[in-house]
Amino acid sequence: MNLGIHALSAALLVTTIPAGAIAAAPATASATLIRSDGTEMGHANFTARAGGVWLDVNATGLSPGSHGIHLHTTGACTTPDFVSAGGHWNPMHRKHGLKSPEGPHMGDLPNLDVDASGKGHAAGLIAGATLDAGAMGLLDADGSALVIHAGPDDNMTDPSGNSGGRQLCGVVKAD
Ligand SMILES: [Cu+2]
């Protein structure tokens, strides 16, 4: 009989804990954007949500106009050229370009609009991405990086959209 009473007590205990108290906090990550000399020029926040990862990015010191912006496959931003970040993050093995019938890369994002003061802000959902080390995770073994380019992405040309050199780079790091 004692065993039965203990089992019942345990069941009641579990059911009386509010659901919110045992739910994990939303996973977040961030990236500090640096330019070729290592100076900080912006910040990005990543938040896990249903259906993907929400990205919110603020950057400065860019030329006014449209700039390619992507998630790249390696979490390394070695100055001055940021080639260390590798190619676009592409876990689905598709071609580059939001307008490409064979695309896009998971890391392809809409061009960043930069105002006359050199500042740009963008926010949106990276559908299907996760903030973990899984197959669709931005925090896999070699990480990932957010890169902003000198020119606009034509949303078509594989593998990089002809968006020019890499101006800002930030390694995605779990908060
Ligand atoms: Cu890029």
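Biologist: What makes residues 1-22 a stretch to read with caution?

Modeller: Over residues 1-22 the pLDDT stays under 50, on a scale where pLDDT is the predictor's confidence in each residue, from 0 to 100. Where pLDDT is low, the predicted coordinates should not be read in detail. The model has one contact beyond four places in sequence for residues 1-22, a contact being two residues whose C-beta atoms, placed from the backbone, lie within 7 Å. This is a predicted model, in which local features need pLDDT of at least 70 and side-chain atom pairs count only at pLDDT 80 or more, while totals for chains, interfaces and linings use all residues. Residues are numbered from 1 along each chain as its sequence is written.

Biologist: What pLDDT does the chain average?

Modeller: The average is 89, and 85% of the residues score at least 70.

Biologist: How many helices and strands are there in the chain?

Modeller: The chain has two helices and ten strands. Both kinds are DSSP runs numbered from the N terminus: helices are H or I with at least four residues, strands are E with at least two. The order from the N terminus is α-α-β-β-β-β-β-β-β-β-β-β.

Biologist: What joins β1 to strand β10?

Modeller: Two bridges join β1 to β10 (residues 173-174), and the strands run antiparallel. Two is also the number that the definition asks for, so β1 and β10 count as a pair.

Biologist: What makes the largest nonpolar core a core?

Modeller: The term means a set of buried Ala, Val, Leu, Ile, Met, Phe, Trp, Tyr and Cys residues joined through C-beta atoms within 7 Å. The largest such set has 33 residues, and L33 and L146 have the most contacts inside it. Elements that give two or more residues to this core include β1 (28-34), β2 (40-49) and β8 (145-149). L33 is on the covered face of β1 with A29 and A31.

Biologist: What makes the phi of F82 and of N162 worth a remark?

Modeller: Most residues other than glycine have a negative phi, and most peptide bonds are trans. F82 has a positive phi of about 60°, and phi of N162 is near 55°. F82 has 24 C-beta neighbours inside 10 Å, so F82 counts as buried. N162 has 15 other C-beta atoms within 10 Å, so N162 is partly exposed.

Biologist: Which peptide bond from G103 is cis?

Modeller: The bond from G103 to P104 is cis, with omega near -5°. D158 and P159 are also joined by a cis peptide bond, with omega about 5°.

Definitions and conventions:
Buried ≥ 20, exposed ≤ 12 C-beta atoms within 10 Å, placed from the backbone.
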